[in-house]
Every structure is written in structure tokens, then in C-alpha cells.
Amino acid sequence: MRENLDFSKLSSKFLIRRLDRRDLPAILALQERHPLYYRFCQPTPCREKILEDMAALPPGKTSKDKHYLGFFDGEDLVAILDVITAYPKEDTVFWGFFMVAKERSGKGVGSGLVREALQELKAQGYSSVRLGTMKGNPQSKAFWAKCGFMEMGIEARNDQGVMLVLSKEL
């Protein structure tokens, strides 16, 4: 069985650490500045939903597989990445959520973070990354396509609507 993810190496530009309850104000502020995202992915940001997301796990996974991460530039929360290791297969990582601070969007920060994280995941022995995006969200679909993610032809309904499953081989 693979050792757990060394998330500290996912970025050479930003400090990465697990987010917790103390980070709720910063997480909420980052999410609230993305109204277009929440037009497609309900509900709108709130403390309760963030806490729920921080603990959410798919069947068969435990908290040791979950990494709700913050990327920081000094004290500034630059991005959030929710990672579940070895899901749905041992050599696959699932990204449950990724969002970059609005003021850094459109400047290559998000795609740069994704690119560097994918390289490091490959170096750590993973062979693919999966994620979900809400069907009908053109901004999200374009971003993930730019990052090399492909639709798998799988749609899943959740409490937010219909999600498309995307994958990238490393």
C-alpha cells in the first residue's frame, strides 16, 4: 500500500497546510468572491457547508485519506484544494474541490498550481487524477480542459445537480 500523500510538495511557490475551523473566515471570503461558480454549484458558501465539505468522504475512505488544503502566500489564502488519496483506485487521487482567490484568477495561478501538483503526484507514484465539475458550467469546463482533463463519459447526480467526471492520466 502507498504511503500517504506528502502534500507539502504540491507547490514550490506557496506554503501548503491543512485547513481547519480556524480558517473558516478566510475560506468563506475566498468562496464568496466567486458568484459564477455558485450559480452552477449550490448552495452558496456558508460556514456549515464548508465544515461539511471539510469532512466529506466517499464510501470506504477515512480521514487519513482526506486532505483539505490551503495554499498560502504569507497570510493570504491563495487557493483551496480538497484531495482524497487512493480513490476510486489505489493509484488515483480525487480532487473534490479546487478554487483560486478571485484576485488571482485569470493570471495563470490556478493552472500553474494544477500543473505543479500533477507533476508532484506523478513523482509520488500516482497515475491519474479524477474530479467532478457541474454540468453546464462553461468556465469550469474550459479551465479543466486547458489543464488537460478529459470527460470520462460518467455523469453523477448529487444534491447540487449533475456532475461530469473528468480524468487526467499522469
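**View 1. Buried residues of helix α4 in the predicted model.** Val109, Gly110, Ser111, Gly112, Leu113, Val114, Glu116, Ala117, Leu118, Glu120 and Leu121 are the buried residues of α4. The model shown here is predicted. Because 11 of the 15 residues of α4 are buried, this helix is largely enclosed by the rest of the structure.

**View 2. Surroundings of the buried residues of α4.** Strands β2 (66–73), β3 (76–84), β4 (92–100), β5 (128–134) and β7 (161–169) pack against the buried residues of α4. Helix α5 also packs against these buried residues.

**View 3. Length of α4 and the residue that follows.** α4 is followed by Gly125, which has a positive phi, near 100°.

**View 4. Crossing of α4 and α5.** Two packed helices are described by the angle between their axes and the distance between the axes. Here the axes of α4 (residues 109–123) and α5 (residues 138–146) come within 10 Å and cross at roughly 45°. This angle makes α4 oblique to α5. The crossing of the two helices is right-handed.

**View 5. Residues in the contact between α4 and α5.** Helix α4 makes the contact through Gly110, Ser111 and Val114, and α5 through Phe143, Trp144 and Lys146. Sorted by class, the contact of α4 with α5 has 3 nonpolar, 2 polar and 1 charged residues. Gly110, Ser111 and Val114 are also among the buried residues of α4.

Key: Residues are numbered from 1 along each chain as its sequence is written. This is a predicted model: local features need pLDDT of at least 70, side-chain atom pairs count only at pLDDT 80 or more; totals for chains, interfaces and linings use all residues. Side-chain values use heavy atoms; hydrogens and water are left out. Axes are lines fitted to C-alpha atoms, for helices over the stretch in contact, and angles run from 0 to 180 degrees between N-to-C directions. Helices (H or I, at least four residues) and strands (E, at least two) are DSSP runs, numbered from the N terminus. Angles under 35 degrees count as roughly parallel, over 145 as roughly antiparallel, 65 to 115 as roughly perpendicular and the rest as oblique. A crossing is left-handed if the near helix is turned anticlockwise from the far one by less than a right angle, and right-handed if clockwise. Contact means heavy atoms within 4.5 Å. Ala, Val, Leu, Ile, Met, Phe, Trp, Tyr, Cys and Pro count as nonpolar, Asp, Glu, Lys and Arg as charged, and the others, Gly among them, as polar. The expected span of a helix is 1.5 Å times one less than its number of residues. Buried means under 20% relative accessible area, exposed over 50%, partly exposed in between (1.4 Å probe, protein chains only).
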